[in-house]
Amino acid sequence: MNMMSYNSNNSSGGGGGYGHGGGEDMNVKPAWLERLMAETFFGGCGVHQNQRKNEKNIFCLHCCLSICPHCLSSHRPHPLLQGN
Ligand SMILES: [Zn+2]
Ligand SMILES: [Zn+2]
């Protein structure tokens with residue numbers, strides 16, 4: 001008896017949820033980057049101050065620490081960021 005009248009609403013429009021956003025994480029600075037900027041990058045390594053080429057020009061993302069090439073051996077498995 002009462003056939004539900006066919007509602008043709010669902011054919012309207014057509015897809016619009018996409019296309020928004022993008023680039024919203026551009027402003028979010030990762031913690032390690034703040035730390036990196038706070039560190040004295042390219043300063044001498046305190047541990048290896050007697051050695052040559054002890055500039056701390058490597059940053060360990062795992063330890064949030066800038067290290068010198070001589071420190072590198074203990075950070076090998078860590079994700080490293082090399083300056084220069
Ligand atoms: Zn060192
Ligand atoms: Zn490390």
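Of the 84 residues in the protein, 8% are buried, where buried stands for 20 or more other C-beta atoms within 10 Å of a residue's own, exposed for 12 or fewer, and partly exposed for the range in between, with C-beta atoms placed from the backbone. The model is a predicted one, in which local features need pLDDT of at least 70 and side-chain atom pairs count only at pLDDT 80 or more, while totals for chains, interfaces and linings use all residues. Residues are numbered from 1 along each chain as its sequence is written, and chains are lettered from A and ligands numbered from 1 in the order in which they are written.

The secondary structure consists of one helix and three strands, arranged α-β-β-β from the N terminus on. These elements are DSSP runs numbered from the N terminus, with helices being H or I over at least four residues and strands being E over at least two. Among contacts with a separation of 6 or more, 24% link residues 24 or more positions apart; a contact here requires the C-beta atoms of two residues, placed from the backbone, to lie within 7 Å.

The three strands form an open sheet with the order β2-β1-β3 and antiparallel pairing. Strands β2 (65-67) and β3 (80-82) are its edges, each pairing on one side only. On average, neighbouring strands of this sheet are turned by 30° against each other, direction ignored; the axes behind this value are lines fitted to C-alpha atoms, for helices over the stretch in contact, and angles in general run from 0 to 180 degrees between N-to-C directions. Strands of a sheet pair through backbone hydrogen bonds, either parallel or antiparallel. Two strands are taken as paired if DSSP finds at least two bridges between them. Strand β1 (residues 58-60) and β2 run antiparallel and are joined by three bridges, and isoleucine 58 has isoleucine 67 as its bridge partner in β2.

Helix α1 (residues 31-38) contains tryptophan 32. This tryptophan 32 counts as partly exposed because it has 18 C-beta neighbours inside 10 Å. Leaving aside residues up to four places away in sequence, tryptophan 32 touches Leu61 and Cys64. From C-alpha to C-alpha, tryptophan 32 and cysteine 64 are 5.7 Å apart in space, although 32 residues apart in sequence. Cysteine 64 itself sits in the loop between β1 and β2, and is partly exposed because 15 C-beta neighbours lie inside 10 Å.

Most residues other than glycine have a negative phi, and most peptide bonds are trans. Cysteine 64, which is not a glycine, has a positive phi of about 55°. Lysine 53, also a residue other than glycine, has a positive phi near 50°. Lysine 53 belongs to the loop between α1 and β1 and is exposed, since 10 other C-beta atoms lie within 10 Å.

The loop between α1 and β1 also holds asparagine 57, which is partly exposed because 18 other C-beta atoms lie within 10 Å. Cysteine 45 is twelve residues away from asparagine 57 along the chain, with 9.5 Å between the C-alpha atoms. Glycine 43 lies 14 residues from asparagine 57 in sequence and 7.9 Å from it in space, C-alpha to C-alpha. Glycine 43 is likewise found in the loop between α1 and β1, and its 13 C-beta neighbours inside 10 Å are why glycine 43 counts as partly exposed.

Leucine 81 is part of strand β3 and is partly exposed because it has 13 C-beta neighbours inside 10 Å. Not counting residues up to four places away in sequence, leucine 81 touches Phe59 and Leu61. Leu61 is also touched by tryptophan 32.
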